[in-house]
Structure formats: structure tokens, C-alpha cells
Amino acid sequence: MKVAIYTTYGSPEVIQIIDVEIPSPKPNEILVKIKASSATRADTMMRQGIPKYGRLFLGLFKPKNTALGTGFSGVVGAIGSQITKFKIGDEVFGEKLTGNGSNAEYLCISENELIENKPKNISHIEAAPICDGFLTSYNFLKQHAKIKEGQHVLVNGASGSLGSSAVQLAKTMGAKVTGICSSKNIDYVLALGADEVLDYTKININAQQTKYDVIYDAVGKLNYYNSKNNLNTNGIFMTPVLSIQILWQMLLLPKKVKFEATGIK
Ligand SMILES: NC(=O)c1ccc[n+]([C@@H]2O[C@H](COP(=O)([O-])OP(=O)(O)OC[C@H]3O[C@@H](n4cnc5c(N)ncnc54)[C@H](OP(=O)(O)O)[C@@H]3O)[C@@H](O)[C@H]2O)c1
């Protein structure tokens with residue numbers, strides 16, 4: 001089978017398509033024939049090894065794990081002897097976070113990992129990228145912010161994968177949601193359910209008077225200090241994007257500033 005790998009950090013040219021044997025599922029694993037897989041912003045950052053301090057975890061001089069891609073959607077091609085939840089031919093989707101990547105023709109995944117039956121009303125192309133944004137944002141909104149009905153949530157980067165998921169999740173949790181995106185995506189973010197949308201190309205977000213219970217900066221363009229005037233007394237600032245600035249702010253104000261690599265939970 002064909003599989004995309006990278007053995008050195010860099011631009012898309014570092015990606016190699018190589019031939020390897022189709023893996024055989026272990027007793028607790030499923031072999032998925034992949035119909036669609038995702039290439040996310042996070043995948044890109046890992047491939048580039050940027051920010052460079054990320055290499056402390058990814059591999060100092062070259063990537064420790066050469067696999068590419070996490071999100072997938074496909075069809076069960078074979079099952080291990082202990083599998084009870086899936087059968088050959090089932091349409092499934094999920095997220096592969098360790099070991100072999102999803103930018104491949106096949107992958108093996110345990111039934112206890114992130115894999116579910118694909119809803120019939122969405123295509124493989126629609127299903128493959130779903131998990132990254134929703135699962136990452138769900139962890140932030142549910143576990144860190146513990147959103148309550150009626151709270152006001154500001155989502156920066158509301159048109160992206162994590163942000164568009166956050167808008168929909170926060171609305172489902174009963175919050176009032178303000179989204180931030182560029183002019184071209186205003187109608188899209190309103191259609192996701194946002195109560196109002198601010199255009200970052202036209203206004204200075206930090207100059208607004210509104211105060212929020214939660215600021216979720218899904219794109220890593222804000223920080224606690226430049227946003228604290230927009231937070232209520234008990235408000236919190238969260239971001240899935242780590243920077244030196246956020247690291248310091250989190251260490252100094254652990255109750256106010258939240259970062260976590262929730263994507264790997
Ligand atoms: N911590 C974790 O576990 C975790 C997991 C997954 C991803 N991440 C990180 O989360 C970040 C977002 O990922 P993603 O997949 O959501 O990216 P994405 O789909 O590319 O979305 C990024 C969005 O940012 C918006 N944007 C660009 N410049 C902006 C600005 N100055 N102000 C406000 N919005 C701006 C863009 O909107 P417009 O097109 O409207 O400009 C775009 O829709 C990445 O850095 C990724 O590495 C972290």
C-alpha cells in the first residue's frame with residue numbers, strides 16, 4: 001500500500017510517498033481501508049517542526065514518528081479475533097493519534113481508540129476531518145471552561161476547524177456566542193449559530209467594551225494580557241496554541257489562562 005511519510009522537518013516537499021506492506025490487525029485491532037483522510041493545521045505544524053520548541057516532544061533533530069495524518073474515514077477491511085463492535089464492510093471514521101498515520105491507504109486501529117460508525121448522511125470526505133476540531137474544542141469548553149447556560153463566549157478564529165466546532169458546541173451548551181473571523185466568512189459563522197460576528201480585518205478586538213465569561217482563542221492570535229479587559233471578573237482565557245507568552249501567563253495565572261494539547265487526550 002502507499003503511505004505518506006516525512007523523515008525531516010520542512011515544507012510539503014519533505015513528504016515522501018512510499019510502498020509498505022498492508023498491516024495485519026492484532027486481535028484487538030481493525031484494519032481500515034481509507035477513503036478520505038485529513039491534513040490539518042496541526043499536522044502542518046508538526047511536519048514543519050514549528051514552533052521549534054515543539055521538537056522537544058516531536059524529536060529534536062528529526063521527527064520521531066514519521067507517520068502523517070490523524071483524521072480518517074473508510075471501510076473496515078479486516079478485524080482481529082477480539083473485535084465485537086465492528087464487522088467487515090462497516091463504514092467508520094475516527095482519529096489515529098499514535099503509531100501509523102491516516103495519510104495512507106490502510107491503517108490499523110484498536111476498537112478502544114477513536115473510531116465510530118460513520119453516519120450515513122455524511123460522506124467520507126466530510127467525516128475524515130471532523131474529529132480534530134470538535135474533540136479539541138470540546139475538551140476546552142467542557143473541561144476547562146465548564147460552560148454554563150447564558151454565559152458569553154468569544155471564539156477567535158471562528159471560521160477554522162477548531163473555531164467553527166467551538167461555535168456550535170458553545171451554542172449547544174447554552175452560551176451566547178460571539179465569533180471572530182474575516183469578512184468573507186461572516187455569513188458562514190452566523191450560519192453555524194453565532195449570535196454575533198466581529199470582523200478582525202475591520203476592528204481592533206481588544207478595543208471593544210464587551211466583557212466575556214470565556215475567551216477561546218482557537219487560532220493563537222490573542223493572549224491573556226491583551227484580552228483581560230474583555231474578561232469578566234471570573235472570566236478565563238483559553239487557547240489550543242502554545243507560545244512562550246502563553247506558557248508564562250499560564251504558569252503565573254493557572255486559574256485564568258488555559259492551554260492544553262487536548263487533541264492527544
Ligand atoms: N492544543 C491542541 O490540542 C490542538 C489541536 C488541534 C489544533 N491545534 C492548533 O489550533 C490552531 C487552529 O487550528 P485549526 O485547525 O482550527 O486551523 P484552521 O482551520 O486553519 O483555522 C484557522 C482560522 O484562523 C482564522 N484567522 C487567521 N488569522 C486570524 C486573525 N488574525 N484573527 C482571527 N482569526 C484569524 C482564519 O479565519 P479567516 O479565514 O476568516 O481569516 C481560519 O479560519 C492551530 O495552531 C493548530 O495547531 C491545537
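Contact means heavy atoms within 4.5 Å.

Before we go on, a word about what you are looking at. This is a predicted model, in which local features need pLDDT of at least 70 and side-chain atom pairs count only at pLDDT 80 or more, while totals for chains, interfaces and linings use all residues. Residues are numbered from 1 along each chain as its sequence is written, and side-chain values use heavy atoms, with hydrogens and water left out.

Now let us step back to the overall layout. The protein is divided into domain 1 (2-128) and domain 2 (132-264), with bounds that come from an automatic or database domain assignment. The centres of domain 1 and domain 2, taken over C-alpha atoms, are separated by 28 Å. Where they meet, domain 1 gives 6 residues to the contact and domain 2 gives 7 residues.

For a closer look, follow strand 4 (residues 71-79) and strand 5 (residues 91-95), which pair in the antiparallel sense over 5 bridges. Along this pairing, Ser-73 stands opposite Phe-93 in strand 5.

A stop at Ile-17 comes next. Ile-17 sits in strand 2 (residues 15-19). Is Ile-17 buried or exposed? Ile-17 counts as exposed because its relative accessibility is 58%; buried means under 20% relative accessible area, exposed over 50%, and partly exposed in between (1.4 Å probe, protein chains only). Leaving aside residues up to four places away in sequence, Ile-17 touches Lys-2, Val-3 and Ala-4. Ile-17 and Ala-4 are 13 residues apart along the chain, and their C-alpha atoms are separated by 4.6 Å.

His-152 has Lys-176 in strand 9 as its bridge partner, and Leu-154 has Thr-178. Why is strand 8 described as largely enclosed by the rest of the structure? The reason is that 5 of the 5 residues of strand 8 are buried. Both faces of strand 8 are covered, with His-152, Leu-154 and Asn-156 on one side and Val-153 and Val-155 on the other.

What about aromatic rings? A search of the whole structure finds 3 aromatic pairs. Rings of Phe, Tyr and Trp (its six-membered ring) pair if their centres lie within 6.5 Å; planes under 30 degrees apart count as stacked, over 60 as edge-to-face and the rest as tilted. One of the pairs joins Phe-140 and Tyr-216, and it is tilted, at 5.4 Å centre to centre and 40° between the planes. This pair links distant parts of the chain, with Phe-140 in helix 4 and Tyr-216 in strand 11, 76 residues apart. Phe-140 is buried, with a relative accessible area of 0%, and Tyr-216 is buried, with a value of 0%.

Our last stop is helix 8 (residues 244-252), whose buried residues are Ile-246, Gln-249 and Met-250. These residues cover an arc of only 100° around the axis, which puts them on the same side of helix 8; the arc is that of the directions from the helix axis to the C-beta atoms. An α-helix has 3.6 residues a turn, so residues three or four places apart point the same way. The cover over the buried residues of helix 8 includes helix 7 (224-227), strand 12 (231-238) and strand 13 (257-258). The face turned away from the buried side of helix 8 carries the exposed residues Trp-248, Leu-251 and Leu-252.

Methods
Helices (H or I, at least four residues) and strands (E, at least two) are DSSP runs, numbered from the N terminus. Two strands pair if DSSP finds at least two bridges between them.
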